Amino acid sequence: MNPNGCAVFLDTLSPGTRSAFTRLGTRLRYAVGDVLIHEGDQTQELVVLHEGLVKVTARLDRDRVLLRDIRIAGDIVGEVAAMGIGPRSATVTSCGDVSATVVPRNELEPFFLAHPEASLALNRMLCDRLRRANRLRLELGAYPVAVRLARVLVELAESHGHPRRTLRGPDRNRVRIGVSLSQSEFAALTATTTHTVHKALARLGKERIITTGCRQTFIENMARLRDAALLSDPAA
């Protein structure tokens with residue numbers, strides 16, 4: 001699953017189509033901090049993630065960068081430019097060791113023509129991402145920073161969370177987020193300043209909803225975090 005709770009692209013394909021798709025392109029490896037895609041570039045390759053995770057950022061102005069998303073194994077990035085629709089709209093950077101396949105456009109087009117199932121899956125994914133982008137844009141104006149931050153934490157916990165193990169089984173109310181983010185990255189995700197997000201994180205910590213340390217975030221009470229995010233139930 002990806003950060004918005006939807007199936008990653010490869011998981012939407014049938015086994016045969018997925019096998020054919022993963023044979024395209026050239027497999028590469030990236031270290032932490034490596035840039036897979038540069039904003040503004042005219043390149044048209046699609047990047048398929050097999051291991052690790054990346055962050056997707058876009059520059060707002062000379063001094064500010066917006067963290068738009070996090071993509072994980074099974075996801076694809078660079079799909080809009082790969083379809084020939086303008087230059088790269090964002091930068092994609094490795095958050096750790098990443099294995100990915102770079103697929104040139106001249107391989108993509110005949111593949112999608114031969115596999116309409118994959119073309120349909122791509123269109124659905126693009127629509128899902130557009131809806132999410134619109135929702136996030138509305139939330140940035142409709143909610144204060146504390147609510148936006150709580151919503152980001154809920155999304156990360158639901159898609160990248162590791163429930164605490166107990167003798168009775170996993171405790172889904174207490175979750176370790178398996179994505180290492182700095183306060184500046186949380187600030188970028190919520191379109192605010194590092195100082196403001198620091199205060200919002202501190203408040204959640206004081207209320208014993210989360211604990212943080214060494215770029216790790218632990219949700220101590222998912223139910224209360226959802227309340228802080230103004231989310232009434234898991235399907236909201």
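Buried here means under 20% relative accessible area. I am working from a predicted model.

Entry 1, aromatic pairs. I looked up the ring pairs and got a count of 3 aromatic pairs. I began with Phe 9 and Phe 21, which pair edge-to-face, 5.6 Å centre to centre and with 70° between the planes. This pair links distant parts of the chain: Phe 9 lies in the segment before helix H1 (15-21), Phe 21 lies in helix H1, and 12 residues separate them.

I checked Phe 21 next; its relative accessible area is 1%, so I list Phe 21 as buried. Phe 9 has 2% relative accessibility and therefore also counts as buried.

I then followed Phe 21 to its pair with Phe 111, which is tilted, at 5.3 Å centre to centre and 45° between the planes. Here too the pair links distant parts of the chain, with Phe 21 in helix H1 and Phe 111 in helix H3 (residues 105-114), 90 residues apart. Both Phe 21 and Phe 111 are buried. I noted one aromatic cluster, formed by Phe 9, Phe 21, Phe 111 and Phe 112.

I traced an open sheet of 4 strands with antiparallel pairing, in the order E1-E8-E3-E6. Strand E1 (26-30) and strand E6 (76-77) stand at the edges; each has a single partner strand, so one side of each lacks a neighbour in the sheet. I also looked at strand E3 (residues 46-51) with strand E8 (residues 98-103), and found antiparallel pairing over 5 bridges. Opposite Glu 51 I found Ser 99 in E8.

Note on methods: Residues are numbered from 1 along each chain as its sequence is written. This is a predicted model: local features need pLDDT of at least 70, side-chain atom pairs count only at pLDDT 80 or more; totals for chains, interfaces and linings use all residues. Side-chain values use heavy atoms; hydrogens and water are left out. Rings of Phe, Tyr and Trp (its six-membered ring) pair if their centres lie within 6.5 Å; planes under 30 degrees apart count as stacked, over 60 as edge-to-face and the rest as tilted. Helices (H or I, at least four residues) and strands (E, at least two) are DSSP runs, numbered from the N terminus. Buried means under 20% relative accessible area, exposed over 50%, partly exposed in between (1.4 Å probe, protein chains only). Two strands pair if DSSP finds at least two bridges between them.
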